[in-house]
Amino acid sequence: MTKVSAENTKKKKYKKQSNFVQVFKRLSKNPTAMFGLILLIVISIVAIFAPVFAPYSPTKMDLTSMYATPTMKHICGCDEVGRDILSRLIYGARYSLSIGLIADVVSQVIGVLVGAYIGYTGGKVDLIGMRIVDIWASIPSTLLAILISATLGAGYVNTIIAMLISNVPGGIRSTRAMSLKEREMDYLEAARSLNAGKFRIMYKHMVPNIISPTIVGTTMGIGTTICSVAGLAYIGLGVQPPTPEWGAMLASGRDYIMKYPHMITFPGIAIAMTVLALNLFGDGLRDALDPKMKN
C-alpha cells in the first residue's frame, strides 16, 4: 500500500512538473514575453541588491550638486537638494515594485476566495454579495484610492491598504463569473456525488481550474497599480519624500520640468519600462496558459 501511494505521489509530482515545463516552453517561444521576463528579472535583481548597484546613498544631500545635469559622476543627474537620481531610482524600485506586488496579489487572493464562494454558492449569497460589490465598484478605483489615502494619511503601508481595497472588487467579479460557469462541470458533480465538502469542492477542485486567468490578471495588474501609486504621489498622497519612490520623484520634479527635465525624465522611464515588462510578460503568460495552445 505504501509503495502504491509513493508511486501515485511521484506521478502527480511528475505531472505538475511536466505542465510547468510545457508552459515555460510555450512562453520561451514568445520573444516579446521573454524580453519582458528578462527585463523584469533585471529590475527585480537591481531592487533587491540596491546597496550593491547604487553609487550613492539615496538620501545623501550634496548642495554643490543641486540640479546637476547628467554627467559621468552622476549618470542621471541630481535633484533639487543634490541627491543622486540614479541611486534614488534603484532604491525606489523596492518601494514601487513591493507596493504593486503586495497590493495586487493580496487583493487577488481576497477576490478569488470571496468570488469563488459567492459564485459557487449562488442564491441569496450571490444576490446580496454582488449588490455589495456593485456598490463598492461603482466608485472609480482611482477615486476610492484617493479617498482612502487622504483618510489614512500618506505613507508606505497606507498606500498599500488604499490600493488593495480599490483593487478587490475587480477580482471578486472576475472570479465569480468564472465560478458560475465552472460549477456545473461534470468533475464538480462527481465530487458532490462522493459527498465532498463544500469548501473542499470550491477551493480544492474548482479554484485550481480557474486560477490561470487570475495569475495573468495579477501579473498585468501590478503595472496598473504601480502607475496608480505614482499618480497618488503626484497629487501629494501616497509615499512622500524623502522616500525614494518613483511617483514621489516625479512629484518633486514637476516644478522644475522646464529648466531641469532630467528630474522627471528618468523616473518616468523607470515606470514605463517596468510597466512595459509586466505587460509583455503577462500577455505572453496568458497565451502560454491558454489550453488551446497545448495542441
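Predicted model: local features only at pLDDT ≥ 70, side-chain atom pairs only at ≥ 80, totals over all residues.
**Group meeting: a helical chain, residue by residue**

Residues are numbered from 1 along each chain as its sequence is written, and side-chain values use heavy atoms, with hydrogens and water left out.

Back to tyrosine 156, which sits in helix α7. Helices here are DSSP runs of H or I with at least four residues, strands are runs of E with at least two, and both are numbered from the N terminus. Which residues does tyrosine 156 contact, leaving aside neighbours within four places in sequence? They are Tyr95, Ser98, Ile99, Ile102 and Val239, where contact means heavy atoms within 4.5 Å. With serine 98 there is also a side-chain to side-chain polar contact of 2.7 Å. A polar contact is a pair of N or O atoms within 3.5 Å; within protein, one must be able to donate a hydrogen and the other to accept it, and residues adjacent in sequence count only if both atoms are side-chain atoms. Tyrosine 156 and alanine 233 are 77 residues apart in sequence, yet 11 Å apart in space, C-alpha to C-alpha.

Asparagine 158 is also in α7, which covers residues 156-182. Not counting residues up to four places away in sequence, asparagine 158 touches Leu152 and Gly153. Its side chain has a polar atom 3.1 Å from the backbone oxygen of leucine 152, and the side chain reaches the backbone oxygen of glycine 153 at 3.2 Å. Threonine 218 is 60 residues away from asparagine 158 in sequence and 20 Å away in space, C-alpha to C-alpha.

Now the chain as a whole. It has eleven helices and zero strands. Of its 295 residues, 41% are buried. The C-alpha atoms fill a box of roughly 75 × 45 × 35 Å along the principal axes. Among contacts with a separation of 6 or more, 71% are between residues 24 or more positions apart. The accessible surface is about 16,200 Å², and carbon and sulfur atoms hold 67% of that; the areas come from the Shrake-Rupley method with a 1.4 Å probe, and for residues only the protein chains shown count as cover.

Next, a helix pair. Two packed helices are described by the angle between their axes and the distance between the axes. The axes of α4 and α5 (residues 123-138) come within 7 Å and cross at roughly 135 degrees. Axes are lines fitted to C-alpha atoms, for helices over the stretch in contact, and angles run from 0 to 180 degrees between N-to-C directions. The two helices are therefore oblique to each other; under 35 degrees would count as roughly parallel, over 145 as roughly antiparallel, 65 to 115 as roughly perpendicular, and the rest is oblique. On the α4 side the contact uses Tyr117, Ile118 and Thr121, and on the α5 side Gly123, Val125, Asp126, Gly129 and Met130.

Helix α10 (residues 246-253) is largely enclosed by the rest of the structure, because seven of its eight residues are buried. Those are Trp246, Gly247, Ala248, Met249, Leu250, Ala251 and Gly253. What covers them includes α4 (85-121), α9 (198-234) and α11 (262-289). Glutamate 245 caps the N-terminal end of α10, with a side-chain oxygen 2.9 Å from the backbone nitrogen of glycine 247.

Last, the loop between α3 (50-53) and α4, where arginine 83 lies. Is arginine 83 buried or exposed? At 7% relative accessibility, arginine 83 counts as buried. Its contacts, not counting residues up to four places away in sequence, include Pro58, Met61, Cys78, Arg88 and Pro242. Tyrosine 67 is in that loop between α3 and α4 too. Most residues other than glycine have a negative phi. Tyrosine 67 is not a glycine, but has a positive phi of about 60 degrees.

Conventions:
Buried < 20%, exposed > 50% of the residue type's maximum accessible area, 1.4 Å probe, protein only.
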